[in-house]
Amino acid sequence: MALLEIRAARRVFVTPEGGRVAALDGVDLDVGANEFVTLLGPSGCGKTTLLRSISGFEALNGGSIALDGADLSKLPPFRRPVNTVFQSYALFGHMSVARNVGYALEVRGVAKGQREAKVAEALEKVGLDGMGARRPSQLSGGQRQRVALARSIIAEPRLLLLDEPLSALDRNLRQQMQLELKALQARLGIAFVFVTHDQEEALTMSDRIVVMRAGKIEQIGPPRDIYRRPKNRFVADFIGETNLFDLTVERIEGSEARARTPEGVELVLPSQGLVAGQAVTAVLRPADFTLAAAGLAGTVTRAVYLGQDLHLFVQPAGGGAEIRVTARDGAAAPSAGDAVHLAHDPAAVHVLEAA
Amino acid sequence: MRNPIGWAALTVFALAFFVFIYAPLFVIIGYSFNSNPVNMMVWDHFTFDWYRGLLGLADRSQDGAAQNRALYIESTDQMLAALRTSLTVAAFTTTISTVIGTATAIALARYRFRLKGVYNGFLMLPMMMPDIVLGIGLLIFFVTIGMNLSMLTIIIGHCTFLTSYVFIIVQARMAGLDPALEEASADLGASEWVTLRKVLLPQLAPGILGGALLAFVISMDDLVITYFVAGTGDTTLPVFIFGMIRRGVKPEINAIATLIILASVVIAATGLWLRSRKTD
């Protein structure tokens, strides 16, 4: 039995114009006892609503949420054995850092001495030892983030909910916190449900990613699966940079299949499960292409310098959408206007059934 | 780039503005130390007599003239009784309107209910209403329901409009508050009552204190509404002073005014200090 079991969760909002929008439209999700699960999707996809219905700040219109087999839906937020890290951190400005961190114990009536020991322990876990006497206003953004984290783990919840907690931090700090969060989760041995719209964040930290759109789950899987084997165009497009090709299979040659776009761009696909004449969509990441002496001919329209790499936009000679290619920068690197040839490993192509 | 002529003009304008605002106050403070009992606009010499007279100390003076001057104030006891009435009314009014105003601000910010907009509008109305209309309305209302005019009717009268003042100030603070604070408290296991006590009220404290101070000052200061709803035995300080002035402007008025200015400055400074304290 999974730690958290969500079944057929439905939540309908009434818009100011009187219309009805399903923020959650039949969501099923299991979270394991020591799992880092990320809810990922564009804004308005229902990921925050799902998180808030676990914490109890949103009531469901249908379906159930159970923790350890016990139904949560009848409990008010303050009786639910889960804790949340809020996007705005929501630190209590009129309290010291130590009192913020010990708040969950304070309201449970834990004795002062015992509380202080736990607070010191929690502050140490997030790397803020000795900061207890300060006010939240005296801390930097990253430190506030850690206080919010310490405050939410002090009551030892089995499940921690995180609502885009890193979105206010700058890039370097965010990347550092991503690794720290993942390490903390492993050390604490509790489940994290993490909401983000940042796909890079999701890929870095998660055991499993839940991709959502319009109140529904599009795909659940480990980061590599989501990236390499997206189930549909939406997931392929949303996670990372993608080239999508609408192709018709022309002929099968052993383990390879030759396919062609209406504009005449030819690609080689793994032939497994394909028949000649079939319409398919192929997914190729920018790094799946290499510059070669022969192959798909095209012209570089733009070359974007990214430091170590170059991001090329290549217009195929036959026409059709520009192809995005990642190439190593160097003396031989092409620039805008150059004619190039692109090659790819057929095994790297991920084939979707045509929509 | 600053235009020097424009800048000079602005400086002069600003100085003139402050003179216009504060000159009357300094005139009164000056006159309160002028010993001339007949014409306060002609400087005689410096004296504390008017203050001594207020406090009922003048008759102990060996100076016969000072004793005569002390007769100008009809009764120190009457004035102190008026001050006591004012303080009692202000204390009750401040407490009641602060509690109701704060509770209303929280309710309107956090809960959704029918006719919320109408309710909001009605809360603003007593502030817009001319005092004289409110005073007459209250008087007619009290007479209609057969309520004797007393200190209680003054308190009720003051609460009707001061609740709105407190409400508006606390509501402004409430609007700037992150709703996630209350959610975080609930999330960490606090019931609504504990959240109110440990998070919401401390966060709103500067607004609540500001509203309470304003209510206190306005209640102490109110003449028009009090004039209509006060019973015969319940004279507040403004009503007492107004009564004195009707029988001629006497030097003691200046001393009373100076003391009131002093008290107001202390209260206002306290309020500003409380507001400036950081809460986040």
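Colleague: Where in chain A does A:Glu164 lie?
Modeller: This is a predicted model, so keep that in mind throughout. A:Glu164 sits in the loop that runs between strand S7 (159-163) and helix H6 (171-188) of chain A.

Colleague: What is the phi of A:Glu164?
Modeller: The general idea comes before the case. Most residues other than glycine have a negative phi. The phi of A:Glu164 is near 40°, a positive value in a residue other than glycine. A:Glu164 is partly exposed, because 19 other C-beta atoms lie within 10 Å, and a residue counts as buried at 20 or more.

Colleague: Which value does phi take at B:Leu115?
Modeller: Phi of B:Leu115 is near 60°, again positive in a residue other than glycine. B:Leu115 is in the loop between helix H4 (76-110) and helix H5 (116-128) of chain B. With 9 other C-beta atoms within 10 Å, B:Leu115 is exposed.

Colleague: How do I read a helix? Which residues of helix H11 of chain B are buried?
Modeller: Look at where the buried residues point around the axis. In H11(B), residues 237-246, the buried ones are B:Leu237, B:Phe240 and B:Met244. They cover an arc of only 60° around the axis, so they are on the same side of H11(B). B:Ile245 and B:Arg246 are exposed on the other side of H11(B). After H11(B) comes B:Gly248, with a positive phi near 110°.

Colleague: Now strands. In which sense do strand S1 and strand S4 of chain A pair?
Modeller: In a regular strand the side chains alternate between the two faces of the sheet. Here S1(A), residues 4-14, and S4(A), residues 62-67, pair in the antiparallel sense over five bridges. One bridge partner to find is A:Ala66 in S4(A), which belongs to A:Glu5.

Colleague: How many bridges join S1(A) and strand S2 of chain A?
Modeller: Nine bridges join S1(A) to S2(A), residues 20-31, and the sense is antiparallel. A:Arg10 stands opposite A:Asp25 in S2(A). The hairpin of S1(A) and S2(A) has five residues between the strands, and there A:Gly18 takes a positive phi near 95°.

Colleague: How many residues does the largest nonpolar core have?
Modeller: The largest nonpolar core has 97 residues. Among those with the most contacts inside it are A:Val101, A:Ala150, A:Ile154 and A:Leu159. Leaving aside neighbours within four places in sequence, A:Val101 is in contact with residues including A:Val119, A:Leu123, A:Val147, A:Ala150 and A:Ile154. Another core lies apart from it, with 28 residues, among them B:Ile154, B:Leu162, B:Val166 and B:Ala230.

Colleague: And domains? Into which domains is chain A divided?
Modeller: Chain A is divided into domain 1 (4-238) and domain 2 (243-353). Their C-alpha centres lie 39 Å apart. The contact takes six residues from domain 1 of chain A and five residues from domain 2 of chain A. On the side of domain 1 that touches domain 2 there are two nonpolar, one polar and three charged residues.

Colleague: Last, the two chains. How many residues of chain A are in contact with chain B?
Modeller: 19 residues of chain A are in contact with 18 residues of chain B. Strand S6 (82-85) and helix H3 (103-107) of chain A each supply at least two residues of the side of chain A that touches chain B. H3(A) gives the largest share of that side, three residues. By class, the residues on that side of chain A are ten nonpolar, seven polar and two charged.

Key
Residues are numbered from 1 along each chain as its sequence is written. Chains are lettered from A and ligands numbered from 1 in the order in which they are written. This is a predicted model: local features need pLDDT of at least 70, side-chain atom pairs count only at pLDDT 80 or more; totals for chains, interfaces and linings use all residues. Domain bounds come from an automatic or database domain assignment. Two residues are in contact if their C-beta atoms, placed from the backbone, lie within 7 Å. Ala, Val, Leu, Ile, Met, Phe, Trp, Tyr, Cys and Pro count as nonpolar, Asp, Glu, Lys and Arg as charged, and the others, Gly among them, as polar. A residue is buried if 20 or more other C-beta atoms lie within 10 Å of its own, exposed if 12 or fewer, and partly exposed in between; C-beta atoms are placed from the backbone. Helices (H or I, at least four residues) and strands (E, at least two) are DSSP runs, numbered from the N terminus. The arc is that of the directions from the helix axis to the C-beta atoms. Two strands pair if DSSP finds at least two bridges between them. A nonpolar core is a set of buried Ala, Val, Leu, Ile, Met, Phe, Trp, Tyr and Cys residues joined through C-beta atoms within 7 Å.
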